[in-house]
Amino acid sequence: MNTSMDTTQELLKFNHLYSWSAFGLVTILLFFISSLRDPLSNIPGPWYARWTGLVANYHWVSGRKPSYIHELHQKYGPIVRVSPREVYITDLEAVRRVFSIKNEFPKTKWYLDLVPFVENVFTTPDIVRHRRMRRLISSPFSESGLKAFLPQIEQKVDLVINCMEEESKTRGVADIYKWWLFMTTDVIGELSFGESFRMLESRKVNQYIADLQTNGAMSSYRSAFPFLFQFYVRLGISLPFFDKAREFSVREKNYATESLQRHKDLVEKEGLDKPTLFTKAYEAQSNESLTADELRDNAQGFITAGSDTTSNTLSYLVWSVCRNPEVKSKLLRELEVLPDGFTYDDLRHAPYLDRVIDETLRRFPIIPAGLPREVPKGGADLCGYHIPAGYTVAVQNYSLHRDPVAFPDPEKFDPSRWENPTQAMKNAFMPWGGGSRSDLLRTTSRKAGTSIGDGSVLQSFS
Ligand code: HEM
């Protein structure tokens, strides 16, 4: 009896050993075959990037991806593999090709995962659609186009400076991050929908502002784990974090719908006829070259992309100036001589302010993470490697802006480096992404910067 039990156990043990060895062998074989077929196998990068993008995703959701990728560039060079299907580049010739005006490398589907079920000019991977939408909304962003909006912008800037002054008198400090966000939110409301969100009047952080502040974190989770989010939505089950994310998405959509409705009411009931950033888009919806959903999705994009980008940049600008006494006194000297009631045109002769803005955009680019693009049909030869069609190539300005050749001592906040910018600096400077450009920051911060220049607000932060 004992002998037969022993034999059975021996056999089972042997079977287990046999199964595990077979499993191990098959796995090694599959790994071996897949690496033979792996078209990116010769691109430098950490060993695990060949098998998984989880490490990059971990850094993405923890807000450290730009510095993680930068470290990889420093270790491996101008092209680095970060996941099985994604490479990052810093070589400027390759960067120019990827972001060429011909738009041959479309945005990847990752953009759609940032804001699921919303497709607008920021997120669409469809080149034809992107071109059509861009035509409808881009003309007001030229310097001359923005001039029409200057009175509204200036009025908000005056208001925000008052708010900051009052708060710093009563509290001894002013929460500039909050005030800039209120201001840019109001500006984008006024410019896109004909009416401000009145945050500078209400002066309270409401659900809308709280949602704007959560947007970045929420988008990173949605894009890092798109399958989980889609799975959850399809199953319709209830899970605490996902429920919050869903409620957040519903509110985001509602803000856009309500803003468009407010604009419609203003036009129909109060005869509003001033131009907005959306004037062409509104017309396009009337003649059906833009659907109601497309209009709403773009409105949603403007609400989020138009406010915290500018407010965060302005916050970094004030913070950097206050931390650098030399920069601060130089800037104040330039601004003190401006006439009372100066206009935007007066600020054209404030070159140091311009340099401070450019240095802020270089040192603290508000979208520092990679902008992923899909390699088109036929593949692409970049940095001496062939990348097949369908793979992702990304560029992050965080690394371009820290190129020590273009920007010696790159971590230093030094506006004077922009006095005579070299071609290398101009080529590596990409705060607006490849090709796209928004002048709104320049317009608001010129005026805001000068208002700060009267000394009272700036000194209270010093
Ligand atoms: C400091 C302020 C801003 C910065 C640094 C900034 C940065 C960027 C970047 C990096 C992109 C490219 C994204 C990509 O290619 O994936 C982008 C796209 C865009 N931004 Fe901004 N942005 C700013 C303010 C604004 C404002 C105020 C608006 C107005 C609503 C705006 C409208 C757009 C639009 C429409 C696009 C999409 C362009 C396209 O794909 O054709 N941005 N922005």
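**Entry 1: helix α18.** I began with α18, which has 13 residues and reaches 18 Å from its first C-alpha to its last, close to the 18 Å expected at 1.5 Å a residue. The expected span is 1.5 Å times one less than the number of residues. Helices here are DSSP runs (H or I, at least four residues), strands are runs of E of at least two, and both are numbered from the N terminus.

Before going on, I noted that this is a predicted model, where local features need pLDDT of at least 70, side-chain atom pairs count only at pLDDT 80 or more, and totals for chains, interfaces and linings use all residues. Residues are numbered from 1 along each chain as its sequence is written.

Which residues of α18 are buried? I found Leu353, Val356, Ile357 and Leu361 among them, and also Arg355, Arg362 and Arg363. Buried means that 20 or more other C-beta atoms lie within 10 Å of the residue's own; exposed means 12 or fewer, and partly exposed is in between, with C-beta atoms placed from the backbone.

**Entry 2: α18 and its partner.** Next I looked at α17 (residues 325–336), which packs with α18 (residues 351–363) at an angle of about 140°, their axes 8 Å apart. Axes are lines fitted to C-alpha atoms, for helices over the stretch in contact, and angles run from 0 to 180 degrees between N-to-C directions. The two helices are therefore oblique to each other: under 35 degrees counts as roughly parallel, over 145 as roughly antiparallel, 65 to 115 as roughly perpendicular, and the rest as oblique.

On the α17 side I wrote down Val327, Lys330, Leu331, Glu334 and Leu335, and on the α18 side Tyr352, Leu353 and Val356. Contact means C-beta atoms, placed from the backbone, within 7 Å.

**Entry 3: the cores.** The largest nonpolar core has 52 residues, and Val160, Trp179 and Met183 touch the most other members. Such a core is a set of buried Ala, Val, Leu, Ile, Met, Phe, Trp, Tyr and Cys residues joined through C-beta atoms within 7 Å. Helix α9 (residues 176–193) gives the most to this core, with 10 residues. A second, separate core of 25 residues includes Val95, Ala224, Val375 and Leu382.

How many of the residues of α9 are buried? I got 17 of its 18. Leaving aside neighbours within four places in sequence, Met183 is in contact with Lys156, Val157, Val160, Leu200 and Ser311.

**Entry 4: around Gly194.** Just after α9, Gly194 takes a positive phi of about 80°. Its C-alpha is 7.8 Å from that of Leu272, 78 residues apart along the chain. I placed Leu272 in the loop between α13 (240–270) and α14 (279–286). Leu272 counts as partly exposed because it has 15 C-beta neighbours inside 10 Å.

Entry 5: Most residues other than glycine have a negative phi. Arg203, in the loop between α10 (199–202) and α11 (207–224), has a positive phi near 60°. Cys383 sits between β4 (380–382) and β5 (385–387), and its phi is positive too, about 50°.

**Entry 6: the whole protein.** I finished by counting 22 helices and six strands. Of the 462 residues, 36% count as buried.

Notes
Two residues are in contact if their C-beta atoms, placed from the backbone, lie within 7 Å.
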